[in-house]
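Me: Please examine this structure with me through a series of questions and answers.

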Amino acid sequence: MSLVEALLLAALQGFSELFPVSSLGHTVIIPALIGWKIDQSSHTFLPFVVMLHLGTAVALFTFFWREWVSIIRALLRSVVRGKLSDDPEEHIAWMVVLGTVPAAVIGLFFEKQLKVLFAAPAIAAAFLIVNGFVLFIGERVRRQRAREGSTIAILSWRQAVLIGAAQSAALFPGISRSGATMVAGLAAGLDHETSARFSFLLATPIILGAGLLEVPLLFGPDGQAMLGQALAGAVVAGITAWLSVTFLMRYFKVGRLDPFAYYCWAFGVLSLIILGLRS
Amino acid sequence: MNRAALPLAVAVICLLIAVFYLVPGPSHPFVGDDPTGSHVKHALLFFGLAVLSVVWARFAMNARPAGPK
């Protein structure tokens with residue numbers, strides 16, 4: 001992989017990771033569409049992806065640093081006290097923890113198997129169309145349930161776990177992590193902005209954890225071979241992820257999920273047509 | 001029954017599973033490749049779940065008993 005390809009892939013990953021349009025789907029489909037010969041199952045590709053995830057996670061942590069300080073303080077307070085108080089910050093902190101557990105368990109157990117089964121461009125394009133339907137239906141559900149000005153603290157423990165579990169849908173290339181969690185949040189009665197905030201808070205430990213657990217790869221021979229591209233890619237992924245989250249948190253103050261659904265349908269159908277014509 | 005019994009039982013089970021994934025030799029389920037190797041990521045996950053279960057037990061012990069208001 002050349003440096004230019006690495007930087008473009010990093011920018012693609014950084015932008016699409018947080019938009020509800022599936023970064024995994026895009027990183028499977030786009031190289032196939034434009035004819036990049038990138039072997040995403042190669043040993044040298046994984047350390048590169050690790051660094052992209054770390055860059056994205058650092059951007060998310062930096063953007064929400066006040067929330068994370070508050071969450072960590074609230075967690076420590078409640079653990080030291082040995083009981084939960086009525087403080088909404090503690091409620092939110094434990095919901096982020098509980099929401100992270102199902103995605104971590106399901107991701108670790110099934111990620112490799114699902115990647116092997118579904119990481120083909122045509123399948124990812126088909127799932128992208130499904131993702132469009134998820135977003136579209138989620139938007140319809142929101143109109144019946146959302147409470148303007150809602151906070152994460154209105155969620156029950158069960159709802160937090162279900163929203164967290166929705167992240168696992170992103171194991172299918174083409175289904176968006178943030179899209180699935182946002183739709184689950186909307187279905188639970190959150191408004192767009194709160195749902196997006198909770199989605200990004202839930203995504204941070206998962207993305208960071210997935211990156212940190214693979215850090216030893218960077219110090220192996222495969223990692224050394226890709227270190228330059230990986231470091232540059234991490235910076236680009238971090239910057240683009242920062243721009244994405246800044247845009248999305250502003251957009252979801254008034255914006256809706258429908259435009260992303262239309263995009264997923266259009267891009268999914270177009271990709272299927274192009275891939276079909278080529279085969 | 002002690003309200004902390006269930007979370008403590010879950011903690012012990014998670015700890016045992018963590019050790020199981022660390023030990024090379026047995027065939028580990030849900031690991032993708034090299035089922036007989038040592039799987040640190042799986043072990044870390046279950047160790048984390050064990051810690052969470054201990055916190056759950058602590059919360060359960062200190063929870064107010066339900067009763068008439």
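This is a predicted model: local features need pLDDT of at least 70, side-chain atom pairs count only at pLDDT 80 or more; totals for chains, interfaces and linings use all residues.

Reply: A residue is termed buried if 20 or more other C-beta atoms lie within 10 Å of its own, exposed if 12 or fewer, and partly exposed in between, with C-beta atoms placed from the backbone. Residues are numbered from 1 along each chain as its sequence is written, while chains are lettered from A and ligands numbered from 1 in the order in which they are written.

Me: Is Glu193(A) buried, exposed or partly exposed?
Reply: Glu193(A) lies in helix H9 (residues 192-212) of chain A; helices are DSSP runs of H or I with at least four residues, numbered from the N terminus. Because Glu193(A) has 19 C-beta neighbours inside 10 Å, its class is partly exposed.

Me: Which residues does Glu193(A) contact, leaving aside its neighbours within four places in sequence?
Reply: Two residues are in contact if their C-beta atoms, placed from the backbone, lie within 7 Å. Leaving aside neighbours within four places in sequence, the partners of Glu193(A) are Phe252(A) and Lys253(A).

Me: How far apart in space are Ala119(A) and Pro173(A), C-alpha to C-alpha?
Reply: Ala119(A) is placed in the loop between H5 and helix H6 (121-145) of chain A. Not counting residues up to four places away in sequence, Ala119(A) touches Val28(A) and Pro173(A). Ala119(A) and Pro173(A) are 54 residues apart in sequence, and their C-alpha to C-alpha separation in space is 6.2 Å.

Me: Which helix of chain A gives the most to the side that touches chain B?
Reply: In the complex, 11 residues of chain A are in contact with 10 residues of chain B. With 6 residues, the element giving the most to this side of chain A is helix H5 (residues 88-118).

Me: What ipTM does the predictor give the complex?
Reply: Chain B has a mean pLDDT of 87, and 90% of its residues reach 70 or more. For the complex, the predictor gives a pTM of 0.88 and an ipTM of 0.82.

Terms used:
Helices (H or I, at least four residues) and strands (E, at least two) are DSSP runs, numbered from the N terminus. pLDDT is the predictor's confidence in each residue, from 0 to 100.
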